[in-house]
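Try each task before you read its solution.

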Amino acid sequence: GLLPGARGDLADQMRRAALSVYANLSEGEGKRAPAERRRLFEIAWGSLRELESVLHLASTLGLIPPARLPTLRSTCRHVGRMLHPL
């Protein structure tokens, strides 16, 4: 079975990864130096990948209703398509 608190830990990890994507994109947009912008966009990309992996784990553990997973994955892919060219 799941360790006590695992559900909350995974939910917290997903929230932090999603916030990191948003925050690093926002901060990167405000930077003039290309190297600094690129670094922040790369952090956002890594956080998006982290979010996708935690979603997969939560799904595998049965913590996300199967009906919700396609929408969540689709949203991550959409954000990734927007982020990739940056």
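**Exercise 1: placing N24**

Task: decide whether N24 is buried or exposed, and find which residues N24 touches.

Solution. Start with the accessibility: N24 comes out at 11%. The cut-off for buried is under 20%, so N24 counts as buried in this predicted model. Next, find its element: N24 sits in helix α1, which covers residues 6-29. Finally, look for partners while skipping residues up to four places away in sequence: N24 touches L40, F41, I43 and A44.

**Exercise 2: helix α2**

Task: work out what span is expected for α2 and which elements its buried residues pack against.

Solution. First, count: α2 runs over residues 34-60 and has 27 residues. At 1.5 Å a residue, 39 Å is expected, and the helix reaches 39 Å from its first C-alpha to its last, close to that value. Then pick out the buried residues of α2, among them L40, F41, A44 and S47. The buried residues of α2 pack against α1 and α3 (69-83).

**Exercise 3: the core**

Task: find how many residues the largest nonpolar core has, and which element gives the largest share.

Solution. The largest nonpolar core has 16 residues, and M14, L51, L55 and A58 have the most contacts inside it. Two or more residues of this core come from each of α1, α2 and α3. The largest share, 7 residues, is from α2. Now zoom in on A58: leaving out residues up to four places away in sequence, A58 touches L10, M14, L63 and I64.

Technical notes: Residues numbered from 1 in each chain as written. Predicted model: local features only at pLDDT ≥ 70, side-chain atom pairs only at ≥ 80, totals over all residues. Heavy atoms only, no water. Helix = DSSP H or I, 4+ residues; strand = E, 2+ residues; numbered from the N terminus. Buried < 20%, exposed > 50% of the residue type's maximum accessible area, 1.4 Å probe, protein only. Contact = heavy atoms within 4.5 Å. Expected span 1.5 Å × (residues − 1). Core = buried A, V, L, I, M, F, W, Y, C linked by side-chain atoms within 4.5 Å.
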